Amino acid sequence: MEGGRAVRYRVVVRLWTAHVPPTLPAGGGGSGHLDATFWTAVAALAGALGLGGLAALSVKQLITPSLNRAGASFADVLTDYLAVLRSRSLRRIRRYQRSVGEYAGEHTLGFGTEPISVRDVYVPLAAEGTDERRDLYETIRRERRSVVIGEAGAGKSMLLKHSLLEWTERRTTRRSEIPVLVELRRLNAVPVDAVDLVAQVQQFLEMHRFKGAAGFATKALEDGRISVLFDGLDEVTADRLDGVVQKLKDFAQRFTDCQIVVTCRSSLYKGELEFKTVVRVAELDDATIRRLLYRWPGLDAAAQERLYRNIGSNASLKRLARSPLLLSMMAWMTMSGIVLPTSRAEFYDTAIENLVKRDDVLGRGRSQFAPNKKLAVLRGIALILQDRSGTDEDRLTISHARALEYVRSVATSIDLDQKDAEPLVTEIVERSELLATNGGVAPSYFFRHLTFQEYLAAVELRDDRDGLLERYVKDPNAWRETVKLWCGKADRDATPLIRYLIDAYLPDAQLMALECASVTTKVDEEVVLEAADRLQVLLVAERSSASPGQAAITFGNAAAGNGPRSALIRNRLFELAQDPDDPVMRVVAMRALAVSGHESAAAFLAARYTTDQDARMAMLSMGDMAVPALREMALRGAVTPVDDLALIGTPSAVDALVEVLALSYRDAAVRAAWRLAERLDDTVAVKVIAQSPHVVQIQENGFLWVWQRFSGGSVPLMKAVARIFELIDTCEIDQIPSKVRRIDFRFVIASIVVDRRHAPLWDAPRPAVEIAEELIARVRSHVINPMPEARIIAALQTLRTPNLFSDRLCNALLDHYKLPAQHVKMFCSLSHAEQMSMLRLLGEFHSRSTWTAMTTTTPKKPRGVFVVNTIAVVLTVYAAATAFWRELGILIGDWSLGSPNLLLVGWVPLVAFPLRSRYGLVRGSLWRYVVIEKLIPGIALAAVCGYHAAVILDSTARWIGWAPTWILLAGIGIPTGLLWLHNRRRNERYNNPLRQAIEAVGATSPTTSIIATSAQP
């Protein structure tokens, strides 16, 4: 059988060679030569196929990237198209995202030339707590019902806009949760019985290009796919408030699966909504104040530092700077060259006056109307709107006709003609920007910030104290802020007004009494002390509903000044803080002293820091005022002050931590290293570290490479981070802090991954590997093809929040890798996405050269690959054609290179590679793996390539000569080799796994949004 097949093959060869013209001298004849020719032909065909495969591989390498990109683009388009065919929701959501992003990206503060960028100036807010500042977002994001309360200008509206902006940057699916912002002040124009909150949701969707909102809104609300953010419950008029509250409660009861967030001023909200979670926005601490100034656009470094020092040296200014709105006004005034006033009322007065005079400041030419005339009109309009409280009219908006009617009614008194009414209103709207308009055929006007309206109304009533009191009695909620501003602005005797508040015997009135007494210009001293006594009695009463936190702020504000009135309050607080029989007032007194920001209060609390926990927590809230005392204690080796300096986090506190870092006291230095490692992603803190004069005390070590790529060339910063790395890496278990905040992911990579070898997962002993394999098998059971561990971790990395599986996998792998305690602590401080990236890196070895070769920005993709691949394709095609032609000549003539039997090596790959494929799936011993998987294919490849290289060189030399052949080879090979090496180095930089991990984590890090994460992709 086999012999007959061989004879047929020989006949075919004879017939083929008989018709081929002999282009070369014929060799010998005979059957032996025929057999050799037969096997030579087979080998030639095998070699040609091999070279053809190499050519195809080269072509593949050349065109595959383009095909992949084209395929990926086509796949994305096809996926989106199919998704749209299934449902139009995805396209509607993405269009809605773009529109909402434009809306939420800007915010009008009520002053300045243009709206500010929310992304540029926003700083994270904190929830007011008893011990330390808590993240406001983490408190709200997990809840379905929550109320955010805070003082005027606390940043509540900005919080909602920033959350919307963060949501627009998420990747959405057809089932993603969609946020909707409803401004409750819009309900003032609608009768209570006609209020429809579902229609408000639908209106917001339609306003932002969500097609089909009418049919989508109700169904999505019922499914819990909409997060509704209701802004400004305090801006609803008093006559509508109860009805709107009931509408909100009905809405929450009807749509139980929807997330609902309501914002309101703290003085107005009394728990009417009965929502489980009520979060009070904390005042800005010193570190956040510094961060906002750093981010404020147009405020250079010198101006930032000057303003920050000015605020820190003036207790009254610092008290005002705790409010985001007033701090923003300070930044704007500093940029405009305006001297900062020291009271809240003076702040508004200065800001409004400068806004009215902006024509001269901006050089826009002379205004048609004098600033005092425009101020008179603004005060009158503000009072008209305020007087609408308690009526059916909207107290936030005035129609164009009503505004003109008022201006005409006072035109004679301010020396104007009736015809000047309309141009005067137009100039106020267009040039001062205090009033805004909604446009349209019949426009209406409203103040850009409600506090401006309240302040101008207070100024208008500066000579009518009794009228102001009458209005407050009629509607306390609407007139509360106006009364406070009146007391701070008017130079009239406020004693009767404050005495009325004292005699009201209501918690809110008692708080207002002491606050008004502390800011007013003229009042009897006995009334001030009586207000303090009444509030003190109210706090210790068993049925008191006054908040100790609010009382502490009120007492602290009253004690903040340098006059005798504030000194009386401070002395009262010193006595209460030392009274062991009254624990409630003792805590309130400690906090109030901290709120005052007075040097004597700081000294009082510092003396009790080590023995009194309440004094320590109060001192901690003082920010920079507490840093000198804490620095002194930390330099003596105490560990607790180091933690408190880190909690304060201001530039002076960070500088103190750098000084402690160089200490010989090991425990304090290690604790400072941990706390500074938590702040390496804070731009302000890093700048302070790099400029600290205490870095010179740090001895150099061999870890400068850790932060070389992120230091911007700053040697002091590299030295400081090297010291941090050394202390953390060599610390003892008992020196590790019990609580560690998130440490910079770059620092964790350098600590755990770089130059550290970890045993591969498949070499691990039981039981850790059994747990990991069991969990991985569970994941694999949900997919068609098996997934390697890296792909499983990559899939888990896309989750924004961990689940049971990811937690168990982390624990199993950590148990396997046997990380030191400090490395485990750093790993646990990371976010879920960062932990998954770290697990991928732990399974590989990354040398220090990989780390130091990393760039801080993504390098350009190598472009010389196309040239190298093109040259390789041309040379491969030439080599394949030459080898095929030469071996064809061997077959039909006598053009051989040595013995024709050498071509039998072409059979080796045909045998070796199938064997490799067959036995490679069998779990055998090490020798079988080496021989079958590595040795045989290597020998075969070397033999085939070596022989054919000799054939190609010999053929080329016969055509053009040996000298030109070598010159041509060098001329092509050397430049191509150098270009290949260059591309390889650039490709290594481009594909640096450490940089890619850092970039990936930066793109998937948790965002500061209060919108629920349960439906996130």
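Arg 209 sits in the loop that links helix H7 (197–207) to helix H8 (213–223); helices here are DSSP runs of H or I with at least four residues, and strands are E runs of at least two, numbered from the N terminus. The model is a predicted one, in which local features need pLDDT of at least 70 and side-chain atom pairs count only at pLDDT 80 or more, while totals for chains, interfaces and linings use all residues. Residues are numbered from 1 along each chain as its sequence is written, and side-chain values use heavy atoms, with hydrogens and water left out.

Arg 209 counts as partly exposed because its relative accessibility is 45%, where buried means under 20% relative accessible area, exposed over 50% and partly exposed in between (1.4 Å probe, protein chains only).

S7 runs parallel to strand S6 (residues 178–183), with six bridges joining them; two strands pair if DSSP finds at least two bridges between them. Val 228 in S7 is the bridge partner of Val 180. Four bridges join S7 to strand S8 (residues 259–265), again in parallel, and Leu 229 stands opposite Val 261 in S8.

Glu 274, between S8 and strand S9 (277–280), has a positive phi near 60 degrees. Asp 415, between helix H17 (400–410) and helix H18 (421–432), has a positive phi near 65 degrees.
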